[in-house]
Amino acid sequence: MSRGRMLLRLLLLSVLGGVALTLAPGVAHAQPEESAASEQVSGTLQTTLSGPIEGVEVVVTTPDGTEIDTVETDEDGRWVVPLPGPGQYTVTIDEEALPEGVVLNGADSRTVTVDAGRNQGVIIGLSDGSRNSGGGTVRWVQLFVDGLRFGLLIAMAAVGLSLIFGTTGLTNFAHGELVTIGAIAAWFINVEGGVPLIPAAVIAMVIGAGVGALNELGIWRPLRRRGTGLIAALVISIGLSLLLRYLYQIIFGGRSEAYVDYRGQRAVDYGPFTLTDKDLASLVIALAVLLLVAVMLQRTKIGKAMRAVADNRDLAASSGINVNRVILVVWMMGGALAALGGVLLGLSDEVQWDMGFRLLLLMFAGVTLGGLGTAYGALVGSIVVGVFVQMSTLVIPNDVKYVGGLLLLIVILIVRPQGILGSRVRVG
Amino acid sequence: MAELIDALAVALKAGLGFQAIFLALLAIGINLQFGYTGLLNFGQIAFAMLGGYGIAISVSQWGLNFWVGVAVGILAAVVLALLLGLPTLRLRADYLAIATIAAAEGLRLLFRSVSATPVTNATRGLAGFNNEFVALAPWDTARRYSLLGTRWSGAELWVTAVGWVLVALACLLIWLLVRSPWGRVVKSIREDEDAVRALGKNVYVYKMQALVLGGILGALGGMIYALGTGSAIPDQYQNANTFLAYAALILGGAARVLGPVVGAMLMYFIIQFADTGLRTLITNGVIPEGLLSATDVAQIRFVLIGLGLILLLVFRPQGIFGDRREVMLDAR
């Protein structure tokens with residue numbers, strides 16, 4: 001039982017926020033003008049070990065950076081900032097002021113959308129730090145396992161990106177949005193629709209495949225037929241990415257949300273590392289799915305056709321492969337894989353409107369490392385990038401870990417632009 | 001009707017104000033790189049950030065002279081261009097695109113990180129570095145002036161005036177450059193790199209020059225923006241701004257000297273008009289709150305930019321002034 005209690009302490013605790021619905025919404029509706037000054041954001045900083053944390057500076061700004069107010073948390077760890085009106089606000093806490101042993105779980109800031117008359121609770125995740133100071137975990141093993149899980153998620157999304165590049169030559173900057181749509185679709189089905197997460201994830205994959213097919217049939221196939229240049233296509237994919245990303249923000253909002261299922265799981269101790277059951281499950285699922293993809297590419301007829309088209313499109317076409325059909329299947333597969341990756345990422349890091357875009361650059365890093373256009377290269381490269389990003393926190397602060405991944409990308413381009421598994425002819 | 005005229009006046013001010021100048025300078029830089037040389041720089045905003053922060057850090061943090069700050073900003077942009085160009089300019093176009101967008105995102109994350117607080121003041125940014133610049137104005141900067149039915153503060157007017165002079169000089173420079181032998185080589189690189197190489201030109205060096213020069217123009221844009229807002233905050237330099245500049249460039253017409261300038265003015269005019277117009281329609285109840293709320297309007301602009309970018313490239317890749325044959329680029 002003492003082990004159980006220790007595990008309990010290992011849990012990241014955070015918590016917060018007074019989603020105070022105490023302000024009567026009826027009043028707000030009756031007098032929207034007068035209630036304009038009643039919006040506020042608030043929260044509580046505390047962890048089980050440290051208790052409430054007093055005297056941490058909390059800064060509230062608008063998204064474009066205009067400061068609203070700066071306050072310090074009181075003896076109960078609470079803070080409240082009145083706002084000039086509804087809208088989006090960014091809440092940032094001063095990491096330096098946190099007591100010894102308490103660290104941020106993720107970013108030091110969070111952007112929330114405040115509706116008229118609402119007191120919006122803001123949750124900034126804190127961790128006890130007990131994971132690092134005791135409990136028998138070895139930090140680099142823990143980071144390696146976390147990195148492996150993260151890398152597998154990147155790989156799932158990146159396989160499609162790489163195959164699409166290989167078969168059509170398109171550098172698809174809108175691929176991150178396929179990841180996001182999976183996560184958001186599953187969230188709506190799970191939270192609003194009340195469907196358990198596993199069937200919701202399957203539906204999200206079908207939606208992802210559908211969106212992929214729609215991409216190909218609605219945009220890229222007609223454009224190829226018109227003979228649109230690859231650079232123009234690339235800029236079009238950026239336009240599509242902007243369009244979808246901000247559409248998601250309008251529909252989903254600027255906040256981050258968790259699924260209903262599998263919340264607040266405790267980490268299970270595996271000796272040198274700990275892992276929650278959901279993280280273990282997503283690691284296993286990702287591994288299984290990627291193995292299936294590899295078997296499919298290696299053994300099945302359509303898989304061989306995909307590799308053939310990626311290798312040399314004209315030769316493939318002249319040996320009787322229906323190139324357009326293969327490309328359509330690649331898009332559907334890429335969409336479904338990206339959507340599943342999004343669901344699993346949403347499970348561990350919560351669902352956000354720009355989660356896919358933030359992942360996109362790491363996907364590019366993985367794909368470039370492995371070799372642009374090759375399926376297996378994307379797999380290997382993404383896993384390396386995931387592990388590298390997580391393990392880099394051994395030497396660099398947590399909030400700049402993505403920078404390490406992006407730096408790795410630039411170093412790869414200098415040292416070996418064709419990647420680990422790529423061939424030199426592709427880059428010239 | 002009065003609201004419509006108000007919205008037009010606000011939009012007109014935006015189309016002439018420092019934001020439009022910022023966008024125009026970014027787009028002029030991209031025009032040199034993308035329009036004339038065929039380079040895909042997707043990290044133009046990073047150059048702007050270095051420009052803005054060059055002044056902000058030098059003046060606010062290090063207590064240096066304003067002009068030293070300008071030099072620091074330009075130097076930082078040159079170094080970034082060299083760092084990005086050295087490995088990627090020998091590779092196919094999309095490698096430069098990926099490297100530059102990664103660098104822009106990475107730099108922003110770095111500037112806003114807690115560990116960078118002693119230099120950049122992290123997410124809270126820097127302020128109070130433009131006094132020396134504002135003091136240079138030949139008129140009283142504390143007064144407010146009325147121009148074409150819009151109100152401007154003296155300082156705003158000064159930034160705007162300096163900015164448009166910069167834009168004019170940049171256009172003149174580009175005009176002279178593209179008419180010179182250098183411009184002909186650069187345009188040939190866009191059309192057929194191998195042919196230029198066969199003529200004995202060092203393609204790599206020409207590409208690098210275009211990248212550096214475009215980066216400096218981007219840095220100047222960032223400086224105007226930082227001086228206009230009076231603050232430098234990492235999140236002002238989001239990646240989407242680079243694509244805003246691309247959209248402006250393509251709208252005006254790539255590979256045309258005045259294309260990016262007209263595009264940027266028009267772009268800001270349209271965005272601001274749509275912004276104000278939508279807000280008015282929502283507060284008046286013409287658009288029901290359930291469909292679109294006032295907080296969504298800020299996002300609508302990016303949706304429109306994305307849609308505009310797609311439609312322009314599909315149906316009119318040459319924009320308003322461009323020549324269709326000049327913008328049919330293909331990846332190499």
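Me: Two strands pair if DSSP finds at least two bridges between them. What order do the strands of the open sheet in chain A have?

Reply: Strands (E, at least two residues) and helices (H or I, at least four) are DSSP runs, numbered from the N terminus. This is a predicted model: local features need pLDDT of at least 70, side-chain atom pairs count only at pLDDT 80 or more, and totals for chains, interfaces and linings use all residues. Residues are numbered from 1 along each chain as its sequence is written, while chains are lettered from A and ligands numbered from 1 in the order in which they are written. Now the sheet. Chain A has an open sheet of 3 strands in the order S6-S1-S10, with mixed pairing. Strand S6 (78-82) and strand S10 (119-121) of chain A are the edges, each pairing on one side only. From one strand to the next, the twist averages 20 degrees (axes are lines fitted to C-alpha atoms, and angles run from 0 to 180 degrees between N-to-C directions).

Me: Do S1(A) and S10(A) pair in the parallel or the antiparallel sense, and over how many bridges?

Reply: S1(A) and S10(A) are parallel, with 3 bridges. Strand S1 (residues 40-44) of chain A runs antiparallel to S6(A), joined by 5 bridges. In S6(A), its bridge partner is A:Val81; in S10(A), its partner is A:Gln120. A:Gln40 faces A:Pro82 in S6(A).

Me: Is S1(A) mostly covered or mostly open?

Reply: A residue is buried if 20 or more other C-beta atoms lie within 10 Å of its own, exposed if 12 or fewer, and partly exposed in between; C-beta atoms are placed from the backbone. S1(A) is mostly covered, with 4 of its 5 residues buried. B:Gly277, in helix H13 (residues 259-283) of chain B, counts as partly exposed because 17 other C-beta atoms lie within 10 Å. The C-alpha atoms of B:Gly277 and B:Glu3 are 8.4 Å apart, although 274 residues separate the two along the chain.

Me: Which residues touch the most other members of the largest nonpolar core?

Reply: In soluble globular proteins, nonpolar side chains tend to be buried together. A nonpolar core is a set of buried Ala, Val, Leu, Ile, Met, Phe, Trp, Tyr and Cys residues joined through C-beta atoms within 7 Å. The largest core here has 207 residues, and B:Leu23, B:Leu25 and B:Leu309 touch the most other members. Helix H11 (residues 323-349) of chain A gives the most to this core, 16 residues. Another core lies apart, with 19 residues, including A:Trp79 and A:Val114.

Me: How many residues does each chain, A and B, give to the contact?

Reply: Two residues are in contact if their C-beta atoms, placed from the backbone, lie within 7 Å. Chain A gives 48 residues and chain B gives 48. On the side of chain A that touches chain B, H7(A) gives the most, 15 residues.

Me: Where in chain A does pLDDT stay under 50?

Reply: pLDDT is the predictor's confidence in each residue, from 0 to 100. Where it is low, the predicted coordinates should not be read in detail. In chain A, residues 1-37 stay under 50, and residues 130-134 are also below 50. Chain A averages 80, with 85% of the residues scoring at least 70.
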